[in-house]
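Here is a friendly briefing to read with the model open in your viewer.

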Amino acid sequence: MGDLEIRPAVADDIPAIVAMLADDPLGSQRESPGDLTPYLSALERLSVDPNQHAVVAVREGRVVGTLQLTIVPGLSRQGATRSIIEAVRVHADERGSGLGTRFIEWAVDRSRSEGCELVQLTSDATRTDAHRFYERLGFTASHVGFKLQL
């Protein structure tokens with residue numbers, strides 16, 4: 001396996017990103033790979049916000065992973081800044097290769113460099129393999145998350 005590059009996502013990466021987002025039972029129900037317009041629009045909004053980092057992992061010229069890292073300044077915890085890791089996906093061919101670990105390590109390192117005191121993420125309750133993965137990397141299931149669909 002060739003070298004891995006983690007870099008900001010660009011418009012040409014959107015088809016590969018959306019394919020990974022849709023490549024599981026949950027994503028297949030909520031993503032629309034046939035119409036990339038909303039994804040391109042979202043990437044434009046993310047790209048101009050300095051607190052948003054939509055990134056891809058590229059190996060041998062091929063997008064093999066994606067995640068979004070959001071930096072959140074806050075008042076709680078004595079004005080601490082935190083980061084949120086979202087939409088982590090690794091291409092099916094790369095699962096088990098260590099890419100996920102490198103990707104999360106990148107996000108944690110970037111969070112430190114941004115002055116964050118806490119890194120948080122959510123994972124759907126059905127993704128038990130992902131939960132074990134995050135726990136292996138030192139994350140703890142310390143909170144219960146809630147969502148309200150609008």
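Asp93 and Arg62 join their side chains in a salt bridge, with N and O 3.2 Å apart; the term stands for a side-chain nitrogen of Lys or Arg within 4 Å of a carboxyl oxygen of Asp or Glu. This pair links distant parts of the chain, since Asp93 sits in the loop between S4 and H5 and Arg62 in strand S3, 31 residues apart. Please keep in mind that this is a predicted model, where local features need pLDDT of at least 70 and side-chain atom pairs count only at pLDDT 80 or more, while totals for chains, interfaces and linings use all residues. Residues are numbered from 1 along each chain as its sequence is written, and side-chain values use heavy atoms, with hydrogens and water left out.

**Salt bridges**

- Asp93 counts as exposed because its relative accessibility is 54%, and Arg62 is partly exposed at 36%. The classes are buried under 20% relative accessible area, exposed over 50% and partly exposed in between, using a 1.4 Å probe and protein chains only.
- The whole structure holds 9 salt bridges.
- Another of these pairs is Glu94 with Arg59, whose closest N and O atoms are 3.1 Å apart. Glu94 belongs to the loop between S4 and helix H5 (99–113) and Arg59 to strand S2 (residues 52–59), so the bridge ties together parts that are 35 residues apart in sequence. Helices (H or I, at least four residues) and strands (E, at least two) are DSSP runs, numbered from the N terminus.
- Both partners of that pair are buried: Glu94 has a relative accessibility of 4%, and Arg59 has 10%.
- Arg89 and Asp24 also meet in a salt bridge, at 3.9 Å from N to O. Arg89 is in strand S4 (residues 81–90) and Asp24 in the loop between helix H1 (14–22) and helix H2 (25–30), 65 residues apart.
- Arg89 is buried at 12% relative accessibility, and Asp24 is buried at 16%.
- A network of salt bridges links Asp24, Arg89 and Arg127.

**Nonpolar cores**

- The largest nonpolar core has 19 residues, of which Leu67, Leu69, Ile85 and Ile104 touch the most other members. A core here is a set of buried Ala, Val, Leu, Ile, Met, Phe, Trp, Tyr and Cys residues joined through side-chain atoms within 4.5 Å.
- Two or more residues of this core come from each of S2, S3, S4, H5 and helix H6 (128–136). H5 gives the largest share, 5 residues.
- Leaving aside residues up to four places away in sequence, Ile104 touches Leu67, Ile85, Val88, Phe133, Tyr134, Leu137 and Phe139. Contact means heavy atoms within 4.5 Å.
- There is also a second, separate core of 13 residues, including Ala9, Leu21, Leu46 and Val63.
- In soluble globular proteins, nonpolar side chains tend to be buried together.

**Aromatic rings**

- A search of the whole structure gives 2 aromatic pairs. In one of them, Tyr134 and Phe139 have ring centres 6.0 Å apart and planes at 70°, so this pair is edge-to-face.
- Rings of Phe, Tyr and Trp (its six-membered ring) pair if their centres lie within 6.5 Å; planes under 30 degrees apart count as stacked, over 60 as edge-to-face and the rest as tilted.
- Tyr134 is buried at 10% relative accessible area, and Phe139 is buried at 16%.
- Phe133, Tyr134 and Phe139 form one aromatic cluster.

**Helix H3**

- Tyr39, Leu43 and Leu46 are buried in helix H3 (residues 37–47). Those residues lie on the same side of H3 because they cover an arc of only 65° around the axis, taken from the directions from the helix axis to the C-beta atoms.
- The buried residues of H3 pack against H1, S2 and S3.
- Exposed residues Thr37, Glu44 and Arg45 are on the face of H3 turned away from its buried side.

**Thr70**

- Thr70 lies in strand S3 (residues 62–72) and counts as buried because its relative accessibility is 14%.
- Beyond residues up to four places away in sequence, Thr70 touches Asn51, Gln52, Arg82, Ser83 and Ile84.
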